[in-house]
Amino acid sequence: MPSSVMPMTNQTNGRPTAAAISAVGLRKSYGDKTVLDGIDLHVPAGSVFALLGPNGAGKTTAVKILSTLITADGGQVRVGGHDLTTEAQAVRAAIGVTGQFSAVDGLITGEENMLLMADLHHLSRQEGRRVAAELLRRFDLTEAAKKPASTYSGGMKRRLDIAMTLVGAPRIIFLDEPTTGLDPRSRHTMWGIIRELVTGGVTVFLTTQYLEEADQLADRIAVLNGGKIAAEGTAEELKRLIPGGHVRLRFTDPTAYRTAAAALTGAARDDEALALQLPSDGSQRELRSVLDWLDSTGVEADELTVHTPDLDDVFFALTATTPVPAPSEESAR
Ligand SMILES: Nc1ncnc2c1ncn2[C@@H]1O[C@H](COP(=O)(O)OP(=O)(O)OP(=O)(O)O)[C@@H](O)[C@H]1O
C-alpha cells in the first residue's frame, strides 16, 4: 500500500509514522444511549494498541465500527489508509477480525474451517491447502486438524480463529478480548502469537479487560469510559497519571539518613529501615531534582527506587465515578 495514502501520526521518537488506524470524533449511540461520544484514536502501523474499558464501555462497538461490521453515527475514520465510509471494501481487504463473534464453525473440522476461509479469499485449491496446512502448523493445530472444532478447548478455538483470520494475510488485525476465559498457559501462548504477528509487521488493535495483557503487549493504551477516552498513552505514561507513585531513598549510614530526613521535610520517614519516601510522579524531571538535591548536599543514598502505581490502580482511578486530577494539577500541588 503506498504510504502517501496513509495518514501520518507521530510516534514517541518524533519520527512520522504511517497511521494504520485513525479516527477523529467517532460517535455511536443506540437509541438515547451514547456509547461513543466523539472519540479520537491514532494507531501507528506495526504497533499494538489496546482499548481498555469496563463492561459495556463500548470496546466491541468501536471494533465493530472500525472493522466495518456496523456504521458509526459520525466521525472521520481511516483504516489501512482507506476511508471507512467511502472505501469500506478496501478496508475489509486490509483487515482481519477475531473476537467475541467468533467465525469458527464447530460442526466442521479445523482444517475445513481453514479451507472455507481460503475459498472466501478466492485462493486456488492448491494454494488454500498450502496456506491452511502452514497456519495450522504455526498455531499448533496440525494434530487436531481433522477433528470437529466443537471438540477443541477454548485456547484451541481462539488459535483456530486467529489462524482463520490470517488466511487473507491482513496487515491490520482486530482482536476483541482475545484471551477472555483462557487459562494462564493459553493466555501466554496467545501473547506469544500476538507478539509474533507484530514482529511480522502486522498492526494489532486489541480490546481487553486484563490490564496485565495491555501492560505486556501494547505500545499504547487507551482507557474508554463514559463514551470518552479517559486517558491514552504508554503503560508507563498512564501509571504516572495517578497519585500513589513515590521515590524511596534508602541509607546505610544513619548520619546521612538523619541529614537527609532533616532536609527533606516532605518525606515520610522509616527510621528503622533508614529510608525516606517522597511522593513523586516518577517523571524524569522529578527524579532529576531529587538527585540534584542529593548531590548538592553531599548526601549519598545507597538505594533509590521509583514506585509507580500499576495499571490496575490506573484503571480503577480512571473508571471511577469521581474523576482523578489531570497530571498538570497533580504536579502543581
Ligand atoms: N445492537 C445494540 N443495540 C442496543 N444497544 C447496544 C447494542 N450493542 C451494544 N449496545 C450497548 O452499547 C454499550 C456498549 O457495548 P459494547 O459491547 O460495545 O461494550 P464493551 O465495552 O465491549 O463491553 P464488554 O466488555 O462487556 O464486552 C452497552 O451498554 C451495550 O448494551
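**Exercise 1. How many bridges join strand E8 to strand E9, and do the two run parallel or antiparallel?**

Some ground rules first. This is a predicted model: local features need pLDDT of at least 70, side-chain atom pairs count only at pLDDT 80 or more, and totals for chains, interfaces and linings use all residues. Residues are numbered from 1 along each chain as its sequence is written.

*Solution.* 
- Step 1: Helices (H or I, at least four residues) and strands (E, at least two) are DSSP runs, numbered from the N terminus. Two strands pair if DSSP finds at least two bridges between them.
- Step 2: locate the strands. E8 covers residues 172-176 and E9 covers residues 203-208.
- Step 3: read the pairing. E8 and E9 are joined by 5 bridges and run parallel.
- Step 4: check a facing pair. Phe 174 stands opposite Phe 205 in E9.

**Exercise 2. Describe the shell around the ligand. Which helix gives its largest share?**

*Solution.* 
- Step 1: list the shell. A residue is near if its C-beta atom, placed from the backbone, lies within 6 Å. The surrounding residues include Tyr 30, Val 35, Asn 55, Lys 59, Thr 60, Thr 61 and Gln 209.
- Step 2: sort them. The shell divides into 3 nonpolar, 7 polar and 1 charged. Ala, Val, Leu, Ile, Met, Phe, Trp, Tyr, Cys and Pro count as nonpolar; Asp, Glu, Lys and Arg as charged; the others, Gly among them, as polar.
- Step 3: find the helix. H1 (residues 59-66) supplies the largest share, 3 residues.
- Step 4: A residue is buried with 20 or more other C-beta atoms within 10 Å of its own, exposed with 12 or fewer, and partly exposed in between; C-beta atoms are placed from the backbone. In H1, 8 of the 8 residues are buried, so the helix is largely enclosed by the rest of the structure.
- Step 5: look past the end. Just after H1, Thr 68 takes a positive phi of about 70°.

**Exercise 3. Leu 274 has a positive phi: where is Leu 274, and is it buried or exposed?**

*Solution.* 
- Step 1: recall the background. Most residues other than glycine have a negative phi.
- Step 2: Leu 274 lies in the loop between E13 (268-270) and E14 (275-279). These strands form a hairpin with 4 residues between them, and the phi of Leu 274 in the turn is about 55°.
- Step 3: check the pairing. E13 and E14 are antiparallel over 3 bridges, and Ala 268 stands opposite Gln 277 in E14. E12 (residues 246-250) also pairs with E14, antiparallel over 5 bridges.
- Step 4: count neighbours. Leu 274 counts as buried because it has 21 C-beta neighbours inside 10 Å.
- Step 5: contrast. His 122 has a positive phi near 55°. Its loop joins H3 (110-120) and H4 (125-138). His 122 is exposed, with 9 other C-beta atoms within 10 Å.
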